[in-house]
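Here are my notes on the model, for reading alongside the sequence and the coordinates. Please check each point against the structure as you go.

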Amino acid sequence: MRSLLQWTTIIPVLAWLLFFSGLIYDSSIFQIVASILLIFSVMAAVHHSEVIAERVGEPYGTIILAISITVIEVSIIISLMMSEGQAAASLARDTVYAATMLILNGIVGLCLLIGSLKHYEQSFSKPSVTIALVSLISIVVFTLVFPTFTESVAGSYYSTPQLIFASIACLVIYGCFLFAQTSRHRQYFLTIGDDEDEEKTEPLAISNRNFFTSLLFLIICLGIVVLLAKTLSPTIERIISSYNLPETLVGVIIAAIILLPEGIAAINAARNNRLQTSINLSLGSALASIGLTIPSVAIVCVMYDFKIILGLDIKSIILLGLSVFTVMLSLSSGKTNVVYGVVLLVNLFAFIFLMIYP
């Protein structure tokens with residue numbers, strides 16, 4: 001009974017009650033309350049995902065969190081596309097691009113910076129990073145770069161056969177990555193001790209009741225995050241428009257809300273000197289964000305004959321390439337220092353600054 005009376009279970013229930021009450025549509029005060037409940041629901045999702053991760057062990061725990069975050073992203077994008085139609089043609093691209101930039105520069109940068117400030121230097125498995133980055137680069141090029149240069153359809157679009165091919169390519173690459181992470185090369189993704197041949201930590205003893213309670217409330221938290229984010233998105237759009245800011249900021253804000261659970265979990269892992277877990281979370285979520293979101297959105301587009309804008313402009317491609325290249329160099333040695341984190345965070349600020357002042 002005590003586990004059901006904690007804030008991590010009470011907050012999402014209150015958020016659901018507020019959503020079904022309908023008050024969120026009539027008052028700006030209740031919209032502020034909903035925003036607060038949204039943030040705390042995200043943090044509750046972090047707690048429940050960490051409990052599940054401790055029970056199942058690594059790398060399965062990070063996979064569960066990464067896929068959970070992607071479910072939120074896909075649900076929000078598809079629901080907005082269904083409600084707004086062609087007006088949301090670029091929403092999937094903007095959200096996925098923003099999520100990728102926030103992960104590579106923001107989450108990875110903060111993990112490297114905070115971990116290095118506290119522990120001076122941290123180590124991780126180079127093969128795990130290589131596997132993740134090889135997969136990520138290919139998926140990024142297939143989904144966000146090629147559509148700008150293909151010739152079958154004018155503009156930054158894929159034709160239907162090209163969209164289907166890119167979706168299948170994403171699923172194949174992400175599926176192979178999961179196979180390597182969970183089976184074939186699982187040892188690369190484990191947090192290891194100083195002797196480099198055994199796991200540093202064993203999964204904690206989580207009872208079946210706590211495990212299934214956390215699993216249930218993780219689903220409850222993710223569900224209300226999706227609904228509140230969708231409900232509050234028109235308000236976010238109005239605020240952005242009132243300040244004459246670019247509409248692409250909506251994708252950044254949605255991506256930031258979506259990635260908040262993972263970001264907190266990854267930073268906490270880096271502070272606790274478990275950088276391998278942070279990298280698993282960050283790069284794994286970037287792969288899931290693109291590798292699962294684009295195929296899901298593609299299915300909706302094919303079924304309802306929507307056109308989806310995927311290709312980035314040249315400036316965005318250069319920023320994305322800079323981010324991927326910087327992450328590759330930062331993680332190439334198997335050890336970290338504070339400089340890598342600072343450079344990645346500067347890349348993030350450049351991304352946001354050039355979006356506001358193009």
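**Notes on the model**

1. Aspartate 94 and arginine 93 are both buried (buried means under 20% relative accessible area, exposed over 50% and partly exposed in between, with a 1.4 Å probe and protein chains only). Their side chains form a salt bridge, at 3.1 Å from N to O. The term stands for a side-chain nitrogen of Lys or Arg within 4 Å of a carboxyl oxygen of Asp or Glu. Side chains of opposite charge can pair when their charged atoms come close. The structure holds one salt bridge.

2. On provenance, this is a predicted model, in which local features need pLDDT of at least 70 and side-chain atom pairs count only at pLDDT 80 or more, while totals for chains, interfaces and linings use all residues. Residues are numbered from 1 along each chain as its sequence is written, and side-chain values use heavy atoms, with hydrogens and water left out.

3. Helix H3 (residues 60–84) packs against helix H8 (residues 248–271) at an angle of about 170 degrees, and their axes are 10 Å apart. H3 is therefore roughly antiparallel to H8 (angles over 145 degrees count as roughly antiparallel, under 35 as roughly parallel, 65 to 115 as roughly perpendicular and the rest as oblique). Axes are lines fitted to C-alpha atoms, for helices over the stretch in contact, and angles run from 0 to 180 degrees between N-to-C directions. Helices are DSSP runs (H or I) of at least four residues, numbered from the N terminus.

4. Which residues of H3 and H8 meet? From H3 they include Leu65, Ile69 and Glu73, and from H8 Ile254, Leu259 and Glu262; contact means heavy atoms within 4.5 Å. By class, the contact of H3 with H8 has ten nonpolar, no polar and two charged residues (Ala, Val, Leu, Ile, Met, Phe, Trp, Tyr, Cys and Pro count as nonpolar, Asp, Glu, Lys and Arg as charged, the others, Gly among them, as polar).

5. Glutamine 276 sits in helix H9 (residues 275–304) and counts as buried, at 4% relative accessibility. Its side chain reaches the backbone nitrogen of serine 125 at 2.7 Å. The glutamine 276 side chain also makes a polar contact with the side chain of serine 128, at 3.0 Å (a pair of N or O atoms within 3.5 Å; within protein, one must be able to donate a hydrogen and the other to accept it, and residues adjacent in sequence count only if both atoms are side-chain atoms).

6. Serine 330 belongs to helix H10 (residues 314–330) and is buried, with a relative accessible area of 3%. A polar atom of its side chain lies 2.7 Å from the backbone oxygen of threonine 326.

Note on methods. Helix = DSSP H or I, 4+ residues; strand = E, 2+ residues; numbered from the N terminus.
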